[in-house]
Amino acid sequence: MRDILDDPTDDEGDYPSPGSGSSASANHQGFIFSFSSTILSLRNFHPPPNQILTYWEVYKENVDPLVKILHKPTTEGTLREAAKDLDHISKPLEVMMFSIYFAAVTSLSDEECINMTGIEKESALKKYRFGFEQAMARAGFLNTTELVVLQSFTIFLICVRRNDMTRSVWMLTGLLIRLAQSLGLQRDGEQFGISPFETDMRRRLWWQIVHLDLRASEDHGSEPTILEQSFDTRFPLNIQDEDIDPSMKEPPPEHEGATEMTFDLIRYSVSTTARRLNYVPPGPGRCRNKSEMFTLEHKERVIEELNQHIENKYLKHCDMSVPIHWVAGTVLRLVLAKMWLIVHHPLQREDPDKRGLSEETKNRLFRTSVEVIQWSNLLEKEQSTRKWGWLFRTYVQWHAVAFVLSQLCIRSKGPEVDQAWKVIDEIFGDLGGPISPQRRGMLWKPLRNLMNRARAVRARELEKQKAFPLDGTL
């Protein structure tokens, strides 16, 4: 992808680098060093006690179905008790509460936020982000052994990417990984006699971190930090929240069909395969040699086997009239297409003979890339799933967008080109969308430059058509 995006003639002075003084997140970095505020209590930063459960209901509806970290029955009981006396809650619990507030507001539209909280969304996000960061510092998160603090940190980082995709979020993800390793989340709890409930909560958390690492790394053109060989934590159980509780001595049996965990389990299966196919540790060794043995045909077969596995284990039990099931099926189609694209046009293309891609392959890649962008856009804006659009908006399809733009620099006309421009104009024209003029970061600037070159080609073609119309209206 860097081969597509990089241009040595680019003027690097146009846009500040991520993490520079102009970054929107520059005022949110002091808490990393356990900055001690003079505020002795965060009581005034909580919503009114009678609204706390309203935030929780929004979280359950808009966040939990896609980000299964918390156990709803136990969390709800804890929040009900906490709301009765906010002056005497534990510091780790306060961290969790602010992560729930922040996540709930992130998932709301501007209008919904004003109706629910009485304040504008931007102000609410700033308020609860500050509260979360201060709560983390007060909880001594750098030395914490509390699982709830890491659960809250993960929820926060997943949600903050919706509005802040600067390098600081990527860096904080690295810190989260180290904190998770300090609690041993990379080792499966079943091997160490940990209770079934805690084992499953640890699995849920670890796999959310693994997936976040993959997404954050992709946003910054880097390889994931977590290697598959570095952990043995199994997938969470395919169960409903009510199937498990802290008192259980034996794990509950897994469901055969769809559950609350199905969407995340599909994501974990897909990301595991994507990691194996697309990322190779640098330097010589067994991992690199094994990857180089994978032929194109083998990789295509792996993708098809993944499709069949997920179809037989999960999707055939799903009812596509249920929104979350439809989302799961659409995400699978999108990611499989994206994997096919990356397999045929890898991030770091090794082509010593400089033969390049055949025209047939380029055409198929072009159509596939447009489809990937369309599906991604559909997930965000479909009426029945719009409440989850906040998460899908963080899923920038870098590879597909870069490939389409690179082809639009050389393809100037035809129905497929017109369709591609319709899709590209939609995602670039949405000022609140994942790709917009005000975005900043490692990949934003080269992508904008590529867009400018493609638009110049498009403008010349439109001028030509105007001067020499095909309908003979000169």
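## A buried aspartate

D200 counts as buried, because its relative accessibility is 0% (buried means under 20% relative accessible area, exposed over 50%, partly exposed in between, with a 1.4 Å probe and protein chains only). This is a predicted model: local features need pLDDT of at least 70 and side-chain atom pairs count only at pLDDT 80 or more, while totals for chains, interfaces and linings use all residues. Residues are numbered from 1 along each chain as its sequence is written, and side-chain values use heavy atoms, leaving out hydrogens and water.

## The pair in helix α9

D200 has a charged partner. The side chains of R204 and D200 form a salt bridge at 3.8 Å, N to O (a side-chain nitrogen of Lys or Arg within 4 Å of a carboxyl oxygen of Asp or Glu). R204 is also buried, because its relative accessible area is 0%.

Both residues lie in helix α9 (helices are DSSP runs of H or I, at least four residues, numbered from the N terminus). R204 and D200 sit 4 residues apart there, so about one helical turn separates them.

## K72 and its two partners

K72 bridges to D64 at 3.5 Å, N to O. D64 is buried, because its relative accessibility is 3%. K72 is buried too, with a relative accessibility of 15%.

K72 also bridges to E260, at 2.5 Å, N to O. This pair links distant parts of the chain, 188 residues apart. K72 is in helix α3 (residues 72-84). E260 is in the loop between α9 (196-219) and α10 (262-278). E260 counts as partly exposed, because its relative accessibility is 23%.

## Charge across the structure

How many salt bridges does the structure hold? The total is 27. Side chains of opposite charge can pair when their charged atoms come close.

Some charges gather on the surface instead. D110, E111, E112 and E120 form a patch of negative charge there (patch residues have over 30% relative accessible area and no salt bridge, with like charges joined within 9 Å). D110 belongs to helix α5, residues 110-117. D110 counts as exposed, because its relative accessibility is 53%.

How values were computed
Patch = residues over 30% accessible without salt bridge, like charges linked within 9 Å, V, L, I, M, F, W, Y side chains within 5 Å. Areas by Shrake-Rupley, 256 points an atom, 1.4 Å probe, with all protein chains shown as cover. Lys, Arg positive; Asp, Glu negative; His and termini not counted. Charge placed at Lys NZ, Arg CZ, Asp CG, Glu CD. Helix = DSSP H or I, 4+ residues; strand = E, 2+ residues; numbered from the N terminus.
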